[in-house]
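Subject: Handing over a structure, with notes

Dear colleague,

Please find below the structure I would like to pass on to you. My notes on what was found in it follow directly after.

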Amino acid sequence: MTDTDARPPERDPASRPSPGGWWRSRSARLWTAAVAATVVVTWCVSAWIVQPFRIPSGSMEGTLRAGDRVLVDKLAYRFGDPVRRGDVIVFDGTGSFTAAEPPDDRGPLLGLLHGAAAAVGLAEPAETDFVKRVIGVGGDHVRCCDDRGRIEVNGEPLDEPYLYPGDVPSEVGFDIEVPEGRLWVMGDHRSDSADSRQYLGSPGGGTVPVDRVVGRVQWIAWPVGRWGSVDSGDE
């Protein structure tokens with residue numbers, strides 16, 4: 001046997017991933033996991049605790065401006081605390097302000113992406129979501145107006161310092177007793193707000209079911225120059 005025959009056959013060395021490639025791959029996995037975890041946590045917080053909401057119109061000026069991002073406390077009414085006069089709320093107007101859920105022609109994927117963006121305040125909210133101020137709760141007698149042009153609740157005139165400058169409390173007369181379990185709501189920019197006054201002839205007589213309330217608007221989160229809490233006004 002020759003020396004050549006005694007030697008083991010040569011083999012190609014096993015390929016090894018370059019350290020740089022391994023690190024980039026691991027880093028990408030970590031970033032992906034971090035982003036996924038952030039999305040899940042954000043979704044859970046938005047679904048159950050605090051939901052960002054993008055103000056879609058000027059109907060709540062001068063308290064909230066179109067484009068403001070606000071934080072809605074979804075736990076505000078879940079532990080027995082009632083909705084109070086003066087609260088600024090987000091609610092689902094299906095069946096009261098809108099007849100039914102409008103059709104979504106964006107397709108399932110785009111609809112899902114839009115819903116996720118709206119849930120974190122990056123897109124317009126659903127067409128059935130509204131933000132207004134509570135003027136009357138169940139059992140209240142709400143009317144407009146007294147001889148000084150003020151709205152009365154249970155015979156007492158409202159002091160409304162939150163009204164948009166130059167607006168009167170209402171140019172539309174109304175006289176309603178709010179049913180139990182429902183709310184009479186109005187925008188602070190009365191001359192530019194489609195609210196309970198405009199839906200008197202709709203189901204519920206313009207009132208909104210309490211169980212359709214998403215939560216109470218607590219803070220303005222964006223833009224930075226408008227950071228602050230949202231005043232509930234004087235009851």
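Cys-144 counts as buried, because its relative accessibility is 11%, and the count of disulfides comes to one.

Before going further, please keep in mind that this is a predicted model. The pLDDT averages 80 over the chain, and 67% of the residues score at least 70. Over residues 35–48, however, the pLDDT is below 50, and this stretch has 13 contacts in the model beyond near neighbours in sequence. Residues 111–115 also have a pLDDT below 50, with five contacts in the model beyond near neighbours in sequence. Where pLDDT is low, the predicted coordinates should not be read in detail.

As for the chain as a whole, there are three helices and twelve strands, and 39% of the 235 residues count as buried. Among contacts with a separation of 6 or more, 70% are between residues 24 or more positions apart. The accessible surface of the chain comes to about 13,900 Å², and carbon and sulfur atoms account for 57% of that surface.

Next come the charged pairs. Side chains of opposite charge can pair when their charged atoms come close, and a search of the whole structure finds eleven salt bridges. One of them joins the side chains of Arg-85 and Asp-140, at 2.7 Å from N to O. This pair links distant parts of the chain, since Arg-85 lies in the loop between S2 and S3 whereas Asp-140 lies in the loop between strand S4 (129–136) and strand S5 (141–144), 55 residues apart. Arg-85 is partly exposed, with a relative accessible area of 25%, while Asp-140 is buried, with a relative accessible area of 4%.

A further salt bridge is formed by the side chains of Asp-87 and Arg-216, with a distance of 3.8 Å from N to O. Asp-87 is buried at a relative accessible area of 6%, and Arg-216 is buried at 16%. Asp-87 and Arg-216 also belong to a network of salt bridges in which they are linked with Asp-81 and Arg-84.

Glu-160 forms a salt bridge with Arg-190, and the closest N and O atoms of this pair are 2.7 Å apart. Here too distant parts of the chain are linked, with Glu-160 in the loop between strand S7 (156–157) and strand S8 (174–177) and Arg-190 in the loop between strand S9 (182–186) and strand S10 (208–209), 30 residues apart. Both Glu-160 and Arg-190 are buried.

Pro-82 sits in the loop between strand S2 (69–73) and strand S3 (88–92), and it counts as partly exposed because its relative accessibility is 45%. Leaving out residues up to four places away in sequence, Pro-82 touches Tyr-77 and Asp-87. The C-alpha atoms of Pro-82 and Val-210 are separated by 9.2 Å, although these residues are 128 residues apart along the chain.

Gly-205, for its part, is found in the loop between S9 and S10, and with a relative accessibility of 18% it counts as buried. Its contacts, apart from neighbours within four places in sequence, are with Ile-176, Trp-184, Tyr-199 and Leu-200. Between the C-alpha atoms of Gly-205 and Val-178 the separation is 8.9 Å, and these residues are 27 residues apart along the chain.

Finally, which residues make the nonpolar surface patch of about 380 Å²? The patch is made by Trp-222, Val-224 and Trp-227. Val-224 has its place in the loop between strand S11 (213–222) and strand S12 (228–229), where it is partly exposed, with a relative accessible area of 43%.

Conventions. Residues numbered from 1 in each chain as written. Heavy atoms only, no water. pLDDT = per-residue confidence, 0-100. Contact = heavy atoms within 4.5 Å. Patch = residues over 30% accessible without salt bridge, like charges linked within 9 Å, V, L, I, M, F, W, Y side chains within 5 Å. Areas by Shrake-Rupley, 256 points an atom, 1.4 Å probe, with all protein chains shown as cover. Salt bridge = Lys/Arg side-chain N within 4 Å of Asp/Glu carboxyl O. Helix = DSSP H or I, 4+ residues; strand = E, 2+ residues; numbered from the N terminus. Buried < 20%, exposed > 50% of the residue type's maximum accessible area, 1.4 Å probe, protein only. Disulfide = S-S within 2.5 Å.
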